[in-house]
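Please read the following report alongside the sequence and the coordinates.

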Amino acid sequence: NPLIQQVQKVLAEAIQVPVESISSDLAFGDLPEWDSLGHMEVMMLLEERFGIEINADTIAQLISIPEICAHLEANGHAK
């Protein structure tokens with residue numbers, strides 16, 4: 001799934017871990033680097049890469065790769 005791969009790359013870059021350590025169902029807290037600070041990095045990079053705006057309510061929901069992908073798909077990004 002190309003979208004999942006894109007999200008995995010963004011996450012790896014945001015929290016500075018090898019992309020191989022990002023599983024397709026990774027969730028917030030699964031890696032020590034994906035903590036609350038790391039989460040803000042992830043959100044900022046997603047906004048930048050995908051040209052979307054993530055509001056405070058959404059930030060709290062986007063806590064796993066499947067959730068992030070579903071949100072991107074709902075905002076017009078292809079699977």
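Is Val 19 buried, partly exposed or exposed? With a relative accessible area of 36%, Val 19 is partly exposed, where buried means under 20% relative accessible area, exposed over 50%, and partly exposed in between (1.4 Å probe, protein chains only). This is a predicted model, in which local features need pLDDT of at least 70 and side-chain atom pairs count only at pLDDT 80 or more, while totals for chains, interfaces and linings use all residues. Residues are numbered from 1 along each chain as its sequence is written, and side-chain values use heavy atoms, with hydrogens and water left out.

**The loop between H1 and H2**

Val 19 sits in the loop between H1 and H2, the helices (H or I, at least four residues) being DSSP runs numbered from the N terminus, as are strands (E, at least two). Not counting residues up to four places away in sequence, Val 19 touches Gln 8, Lys 9 and Ala 12, contact meaning heavy atoms within 4.5 Å. Between the C-alpha atoms of Val 19 and Ala 56, which are 37 residues apart along the chain, the separation is 26 Å. Gln 16 belongs to the loop between helix H1 (2-15) and helix H2 (36-50); although Gln 16 is not a glycine, its phi is positive, at about 55°. Gln 16 is exposed, its relative accessible area being 70%.

**The nonpolar core**

A nonpolar core is a set of buried Ala, Val, Leu, Ile, Met, Phe, Trp, Tyr and Cys residues joined through side-chain atoms within 4.5 Å. The largest one here has 25 residues, and those with the most contacts inside it are Val 7, Leu 11, Ile 22, Val 42 and Ile 68. H1, H2 and H4 are the elements that give two or more residues to this core, and H1 gives the most, with 7 residues. Leaving aside neighbours within four places in sequence, Ile 22 is in contact with Gln 8, Leu 11, Ala 12, Ile 15, Val 17, Leu 31 and Ile 65.

Two packed helices are described by the angle between their axes and the distance between the axes. Axes are lines fitted to C-alpha atoms, for helices over the stretch in contact, and angles run from 0 to 180 degrees between N-to-C directions.

| Pair | Angle | Axis distance |
|---|---|---|
| H1 and H4 | about 120° | 10 Å |
| H1 and H2 | about 130° | 9 Å |

H1 is thus oblique to H4, and H1 and H2 are likewise oblique to each other; angles under 35 degrees count as roughly parallel, over 145 as roughly antiparallel, 65 to 115 as roughly perpendicular and the rest as oblique. In the contact of H1 with H4, Leu 3, Ile 4, Val 7, Gln 8 and Leu 11 in H1 meet Ile 65, Ile 68, Cys 69, Leu 72 and Glu 73 in H4. These residues divide into 8 nonpolar, 1 polar and 1 charged, where Ala, Val, Leu, Ile, Met, Phe, Trp, Tyr, Cys and Pro count as nonpolar, Asp, Glu, Lys and Arg as charged, and the others, Gly among them, as polar.

**Ser 64 and Gly 76**

Ser 64 lies in the loop between helix H3 (56-61) and helix H4 (65-74), and it counts as buried because its relative accessibility is 12%. Gly 76, in the segment after H4, is exposed, with a relative accessible area of 66%.
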